[in-house]
Amino acid sequence: MRLPLLARRMVAVAAAALSLFQSGLASSQGKPAPVPGKHYRMQWDDLGPLITGAQADLKLPNGARLRGKVQTVTPGALVLQVTKTSDRRAYPKGVTPIPREEVSQIRITKQRGHGWLVVGTAIGAAIGLVVGVPLAVYAANEGAKWAGLVAGVIAVPTAVGLLAGRSVDKDRMVITVEPPAPMPAKAP
């Protein structure tokens, strides 16, 4: 069973659109694309403005793993709205201060906007429709009952476009917190 010429051409157009979408993801409209795993070294006092409001993942010296939204950074603690914890006794869910001494590395995820999510979803839906509509017409002409297949052909590229766009709209970074500088010794 071969698809009609129009359907094959539509598949070729959809493949070309997907290729353009992928090349556009890297450029991110003038901004350099975030480099996954980008690593920064920072002083404690410089953390607040950068990470407040961001999603953070922490691995603490005692082996506990925490995930949550950074509420604030105080001189003595990182205040986290904990949503996931591996040690509920020491770090319960909810607003929990994490002592400064226990924070050496933070993985941050920040939402940059929703532009690529919209673009990715639209391109995925267009690809799904370009392939799915001719397939539905062909199935109707042949008397085949492919409603589930056609729905999948439309839904899968739409979902892939949504997930790809959402991923591009996020900045991810790893921050290593430098230990405080030693206090100078007082002259006797």
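The model is predicted, so local features need pLDDT of at least 70 and side-chain atom pairs count only at pLDDT 80 or more, while totals for chains, interfaces and linings use all residues. Residues are numbered from 1 along each chain as its sequence is written, and side-chain values use heavy atoms, with hydrogens and water left out.

**Overall layout**

Let's start with the big picture. The protein has 4 helices and 7 strands, in the order α-β-α-β-β-β-β-β-α-α-β from the N terminus. Here helices (H or I, at least four residues) and strands (E, at least two) are DSSP runs, numbered from the N terminus. Of the 188 residues, 28% are buried; buried means under 20% relative accessible area, exposed means over 50%, and partly exposed is in between (1.4 Å probe, protein chains only). Take the contacts (heavy atoms within 4.5 Å) between residues at least 6 apart in sequence: 61% of them join residues at least 24 apart. Accessible areas come from the Shrake-Rupley method with a 1.4 Å probe, and for residues only the protein chains shown count as cover.

**Strand 7 and its partners**

Which strands pair with strand 7 (residues 170-177) in the parallel and the antiparallel sense? Strand 1 (residues 38-42) pairs with strand 7 in the parallel sense over 5 bridges, and Lys38 stands opposite Met173. Strand 6 (residues 105-111) pairs with strand 7 in the antiparallel sense over 7 bridges, and here Gln105 stands opposite Thr176. Two strands count as paired if DSSP finds at least two bridges between them.

Helix 3 covers residues 115-142. Its 28 residues reach 40 Å from the first C-alpha to the last, close to the 40 Å expected at 1.5 Å a residue; the expected span is 1.5 Å times one less than the number of residues. Buried residues in helix 3 include Trp116, Gly120, Gly124, Gly128 and Gly132. An α-helix has 3.6 residues a turn, so residues three or four places apart point the same way. Leu129, Val133 and Val137 make a nonpolar surface patch of about 240 Å². Patches are made of residues with over 30% relative accessible area and no salt bridge, with like charges joined within 9 Å and nonpolar side chains (Val, Leu, Ile, Met, Phe, Trp, Tyr) within 5 Å. Val137 is partly exposed at 47% relative accessible area. After helix 3 comes Gly143, with a positive phi near 80°.

Ala164 lies in helix 4 (residues 147-168) and is partly exposed at 23%. The C-alpha atoms of Ala164 and Thr121 are 8.4 Å apart, although 43 residues separate the two along the chain.

**Salt bridges**

How many salt bridges does a search of the whole structure find? The search finds 2, where a salt bridge is a side-chain nitrogen of Lys or Arg within 4 Å of a carboxyl oxygen of Asp or Glu.

| Salt bridge | Closest N and O atoms |
|---|---|
| Arg41 and Glu178 | 3.4 Å |
| Arg67 and Asp57 | 2.5 Å |

Arg41 lies in strand 1 and Glu178 in the segment after strand 7, so this pair ties together parts 137 residues apart in sequence. Arg41 is exposed at 54% relative accessibility, whereas Glu178 is partly exposed at 25%. Arg67 lies in strand 3 (residues 65-73) and Asp57 in strand 2 (residues 55-59), so that pair ties together parts 10 residues apart in sequence.
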